[in-house]
Amino acid sequence: MYKRQSQHLIKMQHFANETAGGRPAKQVVDAARPPVFWKRKESFVRQLSAWRIDDLSSALTSVRDAELQTRQYPSLANVIVHRVVLSLASRASRFNRPRR
């Protein structure tokens, strides 16, 4: 699970860096290589409009820290996973307005 979350956040950071340069989010997602699966494109565009680059970096750090904690404390893995997922969901709910 952590690998997928990390990959998604890394891809979002890359896209966010491109949109920070002035490119529209839809154009960035459409030009992505490898391409974003067509059913997920609209979701990526919405996420790019909501998350700032520094928030994405913080989220990625949280996911990586949680991954390390689950390896250190395997008996608490479920609690750690739930905590990081709730934390990300809470952060995302605060970004209900577009960046621009």
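Helix 1 is followed by Gly-22, a residue with a positive phi near 110°. Helices here are DSSP runs of H or I with at least four residues, numbered from the N terminus. The structure is a predicted model, in which local features need pLDDT of at least 70 and side-chain atom pairs count only at pLDDT 80 or more, while totals for chains, interfaces and linings use all residues. Residues are numbered from 1 along each chain as its sequence is written, and side-chain values use heavy atoms, with hydrogens and water left out.

Helix 1 itself comprises 19 residues and reaches 26 Å from its first C-alpha to its last, close to the 27 Å expected at 1.5 Å a residue; the expected span is 1.5 Å times one less than the number of residues. Its buried residues (under 20% relative accessible area, with a 1.4 Å probe and protein chains only) include Tyr-2, His-8, Leu-9, Met-12, Phe-15 and Thr-19. The cover over the buried residues of helix 1 includes helix 2 (25–30), helix 3 (41–50), helix 4 (53–72) and helix 5 (77–94), contact being heavy atoms within 4.5 Å.

Aromatic rings were examined next. Rings of Phe, Tyr and Trp (its six-membered ring) pair if their centres lie within 6.5 Å, with planes under 30 degrees apart counted as stacked, over 60 as edge-to-face and the rest as tilted. By this rule there are two aromatic pairs. The ring centres of Phe-15 and Phe-44 are 5.7 Å apart and the planes stand at 65°, so this pair is edge-to-face. It links distant parts of the chain, since Phe-15 belongs to helix 1 and Phe-44 to helix 3, 29 residues apart. Both Phe-15 and Phe-44 are buried. The rings of Phe-37 and Trp-38, with centres 5.9 Å apart and planes at 50°, form a tilted pair. Phe-37 is partly exposed at a relative accessible area of 49%, whereas Trp-38, at 61%, counts as exposed; the exposed class lies over 50%, and partly exposed falls between the two limits.

The largest pocket has a volume of about 160 Å³. A pocket is an open set of points on a 1 Å grid over the protein atoms alone, where a 1.4 Å probe fits, with protein on both sides within 12 Å along at least five of seven lines; lining residues have an atom within 4 Å of a point. Among the lining residues are Arg-4, His-8, Phe-37 and Phe-44. Helix 1 gives the most to this lining, with four residues.

The peptide bond from Arg-33 to Pro-34 is cis, with omega near 0°, and Pro-34 lies in the loop between helix 2 and helix 3.

Notes:
Points joined across faces, edges and corners; volume = space filled by probe spheres on them. Helix = DSSP H or I, 4+ residues; strand = E, 2+ residues; numbered from the N terminus.
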